[in-house]
Amino acid sequence: MINEIRLERYKKLHKEEHHNCNHCEGLENCKNNMRGYVETLSNPYGDGTPCMLSERCELEYERVKKIKLKDSIQESDLGEKSENQTLDNFDFSQNSEAYKIITDYVNNFSRTSSDGLFLMGAVGTGKSHLANGIYKALSEKDIKVHLKSFIKFNVLISTAWEKKDSREVIESMLKPEVLVLDGFGRGNISPKVKTAISDIIDYRYDNNMPTIYTSTLNRKMIEALFDDALLSRIYGTCKFVKINGGDYRIKNQAS
């Protein structure tokens, strides 16, 4: 008898909340018991005992996703220019092969794979734009991504090796599901930086965590900077992608 009374009450609530969602007037005007959530009648135990499940609506899901992305961006090295940089607005007209590789990587990303990407190209071809776009595309899939400027990392580790700030930066690069290293190999790389980056890449390699690199350096230049053990980890987990084109910054200034 109690279950029957409860069932009728739940049926009424289910009907009312789903009616409100079907006639949605926006999150600010949500009429449900919990803003952004809808109560759905369920029987999870299969024994006839009714219960209500609170499910996040699409608008609330998008709101939370935007907040998470904003917080993630603040923790990473994304500058103001990167705010509007996405994969959708990158000009792939000279990079059809890169387009296929990058979009396939994002669309089919697997948390069980350590596969990464290594984007190589001349200055101004848009590698940082692509790094930002990959970062955002993966973040929107609720994948924890951290983007780090290699030159900023280089300067910090070189000047503050023993300080707390440097340890925190290193730890922040160990934890995310995907690490994006933008401008890999840039600057005067000290032995301390080589040790730090080796420790980071070793940790991520051992824990099956993918890393994405961008660099203006070619393979010979990279091989001249780092030892065989580090190179083996990079080469063994990354698909190399050539980014073609001229310096778009100069093109934009000319136009």
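User: Before we start, what counts as buried, exposed or partly exposed here?
Analyst: Buried means under 20% relative accessible area, exposed means over 50%, and partly exposed is what falls in between. Please keep in mind that this is a predicted model.

User: OK, so where does Glu-177 fall, then?
Analyst: Glu-177 has a relative accessibility of 25%, and it therefore counts as partly exposed.

User: What does the side chain of Glu-177 meet?
Analyst: It meets the side chain of Arg-111 in a salt bridge, with 2.4 Å from N to O. Arg-111 sits in the loop between helix 3 (96–107) and strand 3 (116–120), while Glu-177 sits in the loop between helix 6 (164–174) and strand 5, so the pair ties together parts that are 66 residues apart in sequence.

User: How many salt bridges are there by this rule?
Analyst: The count comes to five salt bridges. Among them is the one between Glu-28 and Arg-35, whose closest N and O atoms are 3.6 Å apart, and another joins Glu-25 to Lys-31, where the closest N and O atoms are 3.9 Å apart.

User: Are those residues buried or exposed?
Analyst: Glu-25 and Lys-31 are both exposed. Glu-28 is exposed as well, with a relative accessible area of 66%, whereas Arg-35, at 42% relative accessibility, counts as partly exposed.

User: Switching to the sheet: what is the order of its strands?
Analyst: It is an open sheet of five strands in the order 4-5-6-3-7, and the pairing is parallel. Strand 4 (145–149) and strand 7 (238–242) stand at the edges with a single partner strand each, so one side of each is left without a neighbour in the sheet.

User: And how many degrees does the twist average?
Analyst: From one strand to the next, the twist averages 15 degrees.

User: Back to strand 4, how many bridges join it to strand 5?
Analyst: Five bridges join strand 4 to strand 5, which covers residues 178–182, and the two run parallel. Within this pair, Leu-147 stands opposite Val-180 in strand 5.

User: Which strands does helix 5 touch?
Analyst: Helix 5 (residues 150–159) packs on the sheet and touches strand 4 and strand 5, with its direction making about 70 degrees with that of strand 4.

User: What about helix 7, which strands does that one touch?
Analyst: Helix 7 (residues 191–206) also packs on the sheet, where it touches strand 5 and strand 6 (211–215), and its direction makes about 150 degrees with that of strand 5.

Notes
Residues are numbered from 1 along each chain as its sequence is written. This is a predicted model: local features need pLDDT of at least 70, side-chain atom pairs count only at pLDDT 80 or more; totals for chains, interfaces and linings use all residues. Side-chain values use heavy atoms; hydrogens and water are left out. Two strands pair if DSSP finds at least two bridges between them. Helices (H or I, at least four residues) and strands (E, at least two) are DSSP runs, numbered from the N terminus. Axes are lines fitted to C-alpha atoms, for helices over the stretch in contact, and angles run from 0 to 180 degrees between N-to-C directions. Contact means heavy atoms within 4.5 Å. A salt bridge is a side-chain nitrogen of Lys or Arg within 4 Å of a carboxyl oxygen of Asp or Glu. Buried means under 20% relative accessible area, exposed over 50%, partly exposed in between (1.4 Å probe, protein chains only).
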